[in-house]
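Please keep the sequence and the model in view.

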Amino acid sequence: MALISSILQHAKSHSSSKISTYIQRRLFSNDVRKENIVIVGAGIAGLASALSLQRFGIRSLVLEQAESLRTEGSSITLSKNGWKALDAIGVGDELRSQFLELQGVVIKSDDGKELNSFGFKDEDKSQELRVVERRVLLETLASKLPPNAISFSSKLSNIETSENGTNTLLQLQDGTHLSAEVVIACDGVWSPTAKWMGFRQPKYAGHIAFRGLGYFPEGQPYEPKVNYTYGRGLRAAFVPASKTKVYWFVLCNSSSPGPRITDPSILRQQAKELVRDWPVADMLNLINLTPDDTLTRNPLYDRWLWPVISPPPFSGRTVLAGDAWHPMTPNMGQGACCALEDSIVLTEKLAEAMKFKHISVEDAFKAYGSERWRRVFPLTVMANRIGALLQSENTLICAVRNNLLVPKLKPRALTKHTNYEFEQARRDGH
């Protein structure tokens, strides 16, 4: 009777939508599970954030909508800044032992002419670049978390801020209700949480990436270098990842993202067709040697976080990280690296608030947003513009690119953005 009386009293002064929400909260109030920190998404940013929080003795629950880790796909590029983040959470050396360090790059035109080549350490001995299998990275991160830290088959169906603003209320598709002091949304490029917070949808960049991981059971034959080929409106590369695997990609222009294709035979055929006339026999061979489960086709998207126009990456007690906040094209190889950077910066700020009580959670979010925006906004724009240049179909632009820009390219131009120092590290150094 007390519950009914409370509902009737609430109905006198509120709209029907608010009444419905109020009734739902009251009816499920005894079934709400309370969590300190909930992380939405068991991708790179989500798992790295959970592991980073663990450094400070802070437990979190990771919600993943899939039935297991989403290990589909081939590989990701990790530069010096990404490895610095992995070292901070204690998995850097374990991963280094499994993947080759890349020594340099060779860039050719689509007629086979070499345009430039150099070593990554020619101007900076501290540089480090490796291609890491996505599956191995995710499984390594997950293995360092305690049992039951990841809740699979946990798809978010609703998110809202509590009436007093001190918690975030989550409802899962299976009817589970959670109340979290902090929610870290790492739910990917098409993040429902970002949409709820007022962010516009990511914009299609006009390019499609075919990717795969060629497998050589007896050992792959290539030197540890990035091998690029630039054409008109088309480019490709292959990169040794380990002693037996070679990562490759082909990027083409397309006026629209097109339908989603998952059939490996179709993906293989389309990728081969793009480079069939190039004098780069290695690419066709690599595509043929690629297992079906690593073949992917991905339209490229990004979101430019314009100052003033874009919302902050937080609302109430919910904050965005990784692709959920700043999806970017892969033209600088910084998507995963920036997600890892996010996880370190955000969790250090949260530790200051939740463990050491130096600042409030709100101030932690603001500090994180300020530090990271200055980093990811220019990188997102630069990656997009580099992609536009490299994917140009204009004969004159391609000629200038191949005969003037690329031959004069120096190592620093490809690596200077990896020299990132976390603000906490800079403070500790003084």
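Strand β1 pairs with strand β2 (residues 61-63) in the parallel sense, over 3 bridges; two strands count as paired if DSSP finds at least two bridges between them. Helices (H or I, at least four residues) and strands (E, at least two) are DSSP runs, numbered from the N terminus. Within β2, Leu61 is the bridge partner of Val38. Strand β1 (residues 32-40) is also joined to strand β10 (residues 177-185) by 8 bridges, and these two run parallel. Opposite Glu35 stands Ala180 of β10.

The model is predicted: local features need pLDDT of at least 70 and side-chain atom pairs count only at pLDDT 80 or more, whereas totals for chains, interfaces and linings use all residues. Residues are numbered from 1 along each chain as its sequence is written, and side-chain values use heavy atoms, with hydrogens and water left out.

The largest nonpolar core comprises 71 residues, and Leu47, Leu78, Leu86 and Ile184 have the most contacts inside it. Helix α10 (residues 335-354) gives the most to this core, with 12 residues. Such a core is a set of buried Ala, Val, Leu, Ile, Met, Phe, Trp, Tyr and Cys residues joined through side-chain atoms within 4.5 Å, where buried means under 20% relative accessible area (1.4 Å probe, protein chains only). Leu78 touches, among others, Trp83, Leu86, Ala336 and Leu340, not counting residues up to four places away in sequence; contact means heavy atoms within 4.5 Å.

Helix α11 (residues 361-390) has 30 residues and bends by about 35° at Trp373, the angle between axes fitted to the seven residues ending there and the seven starting there.

Conventions:
Buried means under 20% relative accessible area, exposed over 50%, partly exposed in between (1.4 Å probe, protein chains only). The expected span of a helix is 1.5 Å times one less than its number of residues.
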